[in-house]
Amino acid sequence: MRLSLGHGGASARAARHRGQRALLLLAFLPVLAGCSSLDGLGYYAQAVRGHLDLLAEARPIDDWLSDPASSEALRDRLRLAQAMRAFAVDALALPDNASYHRYADLRRPYAVWNVVAAPADALTLKTWCFPVAGCVGYRGYFAEADARAEAALLAREGWEVDVYGVPAYSTLGRLNWIGGDPLLSTFALGHEGDLARLMFHELAHQVLYVEGDTEFNESFASAVERAGVALWLDRHGNEVTRASWARTLRQREAFAALTRATRQALAAVYEQNRPDPGVNRSMIAIKMEVMARFRADYEALKRGWPEPDARWSGYDAWVAKANNASFGALGAYDALRPGFEVLLARAGGGVTPAQWRSFYDAVRRLAALPPGERHAALEALAATAKER
């Protein structure tokens with residue numbers, strides 16, 4: 001079932017909103033019924049309310065295109081998004097459903113804010129368990145103030161915490177009957193490559209989502225987005241867009257290599273000190289040395305980049321507050337991706353829809369394995385690429 005919010009008068013729109021809210025509340029009732037604490041009820045209430053408010057802002061893209069109040073820049077971007085959505089189905093064999101056929105202007109920088117937490121002596125993220133998503137290493141809030149309040153509570157308990165904005169999230173295709181996930185102003189208006197990667201990434205979650213395995217899910221979606229964007233730009237991008245995206249990727253890859261090396265260094269420090277109870281002074285001192293080296297290496301890396309631009313503020317802010325929680329969260333998107341990329345290459349590289357379907361089938365077979373075995377298989381695949 002799909003409810004359109006773009007037609008009729010104010011009373012008709014209000015009725016549609018009420019109907020939409022009622023139907024979505026029914027969808028969330030099993031979640032609410034499973035909560036036993038006031039904290040749990042409050043958390044799920046903000047999640048339901050936030051998602052309903054987001055959906056209430058969404059209108060079919062054709063409505064925005066025909067609206068005289070829409071700028072020509074917005075119309076151009078929405079037409080581009082429509083082309084990408086068709087490409088996702090026709091070229092990448094991603095789901096053909098209700099998602100990303102509507103657009104919402106949220107008038108804020110992010111869709112949600114995630115809270116992550118890790119111990120002072122490990123990169124292992126604290127997990128929260130939910131009836132639909134399983135156990136994940138983050139907790140999302142639609143209001144930044146709520147996320148920061150949760151982070152403050154965790155910090156007082158002794159966790160290292162981080163709060164970061166998220167431009168898009170997935171309902172895993174479970175709400176396509178009510179209109180699916182809309183395009184959002186938080187990711188639709190940036191670089192063409194970012195629009196494509198976020199759309200392809202979130203649609204990948206609708207292909208496959210393994211309950212309770214954040215690292216597997218995010219690494220899989222990251223592999224899909226990277227290969228998908230490369231194919232889109234190769235077939236539909238212009239020289240300027242391809243060149244600017246290539247510069248962006250080089251910058252991101254250099255930063256990813258630096259953070260990966262730092263994660264490995266921190267993990268080694270914590271492993272060496274594991275026999276000791278608690279956090280000892282020696283470990284803290286070595287940890288501080290690793291972090292100081294990371295920040296110095298970042299400044300050296302940045303000196304080799306082009307002239308500063310707005311993107312640098314994001315890197316600078318991340319580095320300034322980096323801790324176990326932020327490094328742990330970053331690892332979920334990166335750790336297993338090389339193995340998925342080898343799997344895609346073995347399926348033919350993703351040049352045709354049939355190759356993508358073959359890749360998805362291979363990923364499903366991996367997903368059927370116990371968690372330890374599926375991770376080990378991906379790490380072994382990645383190792384074969386390094387040996388070449």
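These are my notebook entries on a few spots I looked up in this structure.

**Ground rules.** I'm working with a predicted model, where local features need pLDDT of at least 70, side-chain atom pairs count only at pLDDT 80 or more, and totals for chains, interfaces and linings use all residues. Residues are numbered from 1 along each chain as its sequence is written, and side-chain values use heavy atoms, with hydrogens and water left out.

**Entry 1: A254.** I found A254 in helix α9, residues 239-272. I then skipped the neighbours within four places in sequence and found A254 in contact with L301 and W305; contact means heavy atoms within 4.5 Å. K302 sits 48 residues from A254 along the chain, yet their C-alpha atoms are separated by 9.6 Å.

**Entry 2: the disulfide.** I counted one disulfide in the structure, meaning a pair of cysteine sulfur atoms within 2.5 Å. C129 and C135 are the partners, with 1.9 Å from S to S. The torsion about their S-S bond is about 95 degrees, so the disulfide is right-handed. C129 counts as exposed at 51% relative accessibility, while C135 is partly exposed at 30%.

**Entry 3: helix α13.** I checked residues 337-346 and noted the buried ones: R337, G339, F340, V342, L343 and L344. Just after α13, I saw that G348 has a positive phi of about 115 degrees.

Note on methods
Helices (H or I, at least four residues) and strands (E, at least two) are DSSP runs, numbered from the N terminus. Buried means under 20% relative accessible area, exposed over 50%, partly exposed in between (1.4 Å probe, protein chains only).
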